[in-house]
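This report walks through a few local features of one protein chain, for a reader who has the sequence and the coordinates at hand. Please look at the structure first and then follow the text beside it.

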Amino acid sequence: MKGFAELFEAVDQTTRTNEKVAALVSYFRSAPASDAAWAVHFLSGNRPKRLVGARKLAAWAVEVAGVPEWLFEECYHAVGDLAETIALLLPPAASTSDLSLTQWIEDRLLRLSGEAEDVQRAEVVRAWSELDGTARLLWTKLLTGGFRVGVSRTLVVRALSQASDVPESAVAHRLMGDWEPSGDAFNRLLQADTDDASHARPYPFYLAHPLEDEIESLGNVDDWLAEWKWDGIRSQVIRRRGETFIWSRGEQALSDRFPELAAASTRLPDGTVLDGEILPWMADAPLPFAQLQRRIGRLKLGPKILAEVPVVVVVYDLLELDGRDMRSLPLRERRSSLADLLERHGGTHFRLSPAVPLETWADARAAQQDARRIGAEGLMLKPLDSVYGVGRKRGGWWKWKVQPFTVDAVLIYAQAGHGRRASLFTDYTFAVWRDGELVPFAKAYSGLTDAEIRRLDTWIRANTLEKFGPVRSVTPFHVFEIGFEGIQASTRHKSGVAVRFPRILRWRTDKKPQDADGLDALRALIAMQERS
C-alpha cells in the first residue's frame, strides 16, 4: 500500500508525461505481481463499487476526529472531496501496517460488501487508525468508489510496454475486455510470447484527432477516404469459435443489449472482427441518439422497444478476417475486403459505412456543412494507406465535426471540482429565461482557462446567495456562450429540454444577464434539428 501511495504521489505531482511514465515503469518493475495487477486495474480507470455510503463515512469520521458536524461540513465544502476531508481531519495513525496493496483490497476492502453496519464501521475505523497521509486518502477513495489519478490508459500501456519490452499493441490488446487483476494475469500481461489473443477479446480501438488545420493541408484529396461521423456507440463485433461478442469502446459487453445484432452476426464467417457504430436506424436513416438511450436505460428489452428503436451497425473497418489480423494492411485493402464480406454476409444489420465522394476539398467542405441534415456529426478523414493503430495518434485519422449548437446562458449554481481542482468552484449550472425567470438547462465544467477559473472562483465566493451542501447558488450576473452537439425535448428537466455534451465556449463579458437567450431559442434549435 505504501508503494502504491508513493506511485500516486509521483504521478499526481507532475504534469510531465515522461515523468509519469518513468514512475509507472519503476513501480511495475519492482512491485509484487498481484499488487501491480491491482494498480493496473485502478490506473486504467476501473473502480470498485461504493461499499459504504457517504453519510455513514462522514458520521464515522466526525466521531473519530472528535469535531462537531458543522465543522466537518465546513471543511468538506472548503476541500470539495469527502475522502480528502476525512484524511486531513482524522488524527495520526495509532499504528502502522505493512499489508500489501493486494491484502488491503482483497482482505480488507472488498470483504466489506454485504457486511452489517457495525462490522463495516469497525473495519473502516481500524483501517483509518493504521494508515496515514496519502495511503489513508487512497484507501478511503477506493472505499467510496471515487478513485481517480492523472494518468490515461494509454500511459499505463506505454509504461507496461517499457517495463517488459512487450509491444504496446500487445499489452493494449491483453487489457481489453474482462481483464481480472491477479498476479497470474499480470505475469501473462507481460509475457514475451504475444500470440495469445483470447477469442472473446476485442482489439484496442483506433481513434481520430479533431482536425486542427485547413483541410487543404492534408494534401492530395485522392489519397483520402471521407466518411460520415455518426453519433452512436462505437463498437466491435467479434465472431470467433461459433460465438459472438459485442464490445463498446468503453469495454462494456453489449451482446445482451442488442440481441438482434447478436443473432444477425451468426451470418458472419468465423474469425471475423468488425469495427463500427451501433445506431438506431429506421427507414434507411439514423434516429436521434436519444432513441438509443431509451434502449440503453431498460433492464429488459421487450418486443415493443425493439420494434420502436431498431438498430444497425454502420461498419467502418475490418480488423480480422478468417482469424487473420488485418490491422497492419492499408485501409484501402481492408475496406475492399470489408465491402466484399458485407455484400455476402452483412444482411440488413451490418452496413458498410458509405464513402463520401470527393473530387476536391471543396466537396469535403460542402459535405461537412451538410452533415447535420442527414443526422451525422461531421466527417471522418482517413488516409487510404493508413494502418489500424492503437489509441489516438496525431497525424493519422481526423474528425471534422460540425459547429455546435450555441446559446448564451447565465451562471446560477456552482460546485467544487475534483482532484487538483477540489478547492475551486469548477462545475457550473447554466440557465435561460422563461417568462422572466431563469430556468436551469445544462451543466458544464470544461472550456475555461485556469486563470478564468480562479477569477470566477473568487467571484463565486463573494457572491454566494445560498448553500445546498456542496452547491452554491450565486447572483445571476455572468453570461457564457454554451455549445452542445444535440438537443431534444425532455420531461425530466425543469426547462423541458436536454442537451448533449454541453461545454463552455467563451465567457461573454460583453453581455448582461438580461441579454441571455430564452427558452424559445432552445425550442427553435429543437425544431431546426427535427427539420434537418
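In what follows, a residue is called buried when its relative accessible area is under 20%, exposed when that area is over 50%, and partly exposed in between. The structure is a predicted model.

By that definition, Phe501 counts as partly exposed, because its relative accessibility is 45%. Phe501 sits in the loop that joins strand 21 (497–500) to strand 22 (503–507), and its phi is near 55°, a positive value in a residue other than glycine. With a relative accessibility of 80%, Asp435 counts as exposed. Pro204, in the loop between helix 12 (183–189) and strand 1 (206–207), is buried, with a relative accessible area of 4%.

| Residue | Relative accessibility | Class |
|---|---|---|
| Pro204 | 4% | buried |
| Asp435 | 80% | exposed |
| Phe501 | 45% | partly exposed |

Which residues surround Pro204, once its neighbours within four places in sequence are left aside? Pro204 is then in contact with Ser169, Ala172, His173, Met176, Gln236, Arg327, Tyr388, Gly389 and Val390. Asp231, which is 27 residues from Pro204 along the chain, has its C-alpha atom 20 Å from that of Pro204.

Helix 8 covers residues 117–130, 14 residues in total, and spans 20 Å from its first C-alpha to its last, close to the 20 Å expected at 1.5 Å a residue. Its buried residues are Gln120, Val124, Ala127, Trp128 and Glu130. Viewed down the axis of helix 8, these buried residues fall within an arc of 165°, so they line one face of the helix. They pack against helix 4 (54–65), helix 6 (82–89), helix 7 (101–109) and helix 9 (133–144).

Rolling a probe the size of a water molecule over the atoms shows where empty space is left. A search of the whole structure finds one cavity of 30 Å³ or more, and the largest cavity holds about 40 Å³ of space. Its lining is made up of His77, Phe425, Lys467, Gly469, Pro470, Val471 and Arg472, which divide into three nonpolar, two polar and two charged residues.

Note on methods:
Residues are numbered from 1 along each chain as its sequence is written. This is a predicted model: local features need pLDDT of at least 70, side-chain atom pairs count only at pLDDT 80 or more; totals for chains, interfaces and linings use all residues. Side-chain values use heavy atoms; hydrogens and water are left out. Helices (H or I, at least four residues) and strands (E, at least two) are DSSP runs, numbered from the N terminus. The expected span of a helix is 1.5 Å times one less than its number of residues. Buried means under 20% relative accessible area, exposed over 50%, partly exposed in between (1.4 Å probe, protein chains only). The arc is that of the directions from the helix axis to the C-beta atoms. Contact means heavy atoms within 4.5 Å. On a 1 Å grid over the protein atoms alone, a cavity is a set of points where a 1.4 Å probe fits but cannot get out, and a pocket is an open set with protein on both sides within 12 Å along at least five of seven lines; lining residues have an atom within 4 Å of a point. Grid points are joined across faces, edges and corners, and a volume is the space filled by probe spheres set on the points. Ala, Val, Leu, Ile, Met, Phe, Trp, Tyr, Cys and Pro count as nonpolar, Asp, Glu, Lys and Arg as charged, and the others, Gly among them, as polar.
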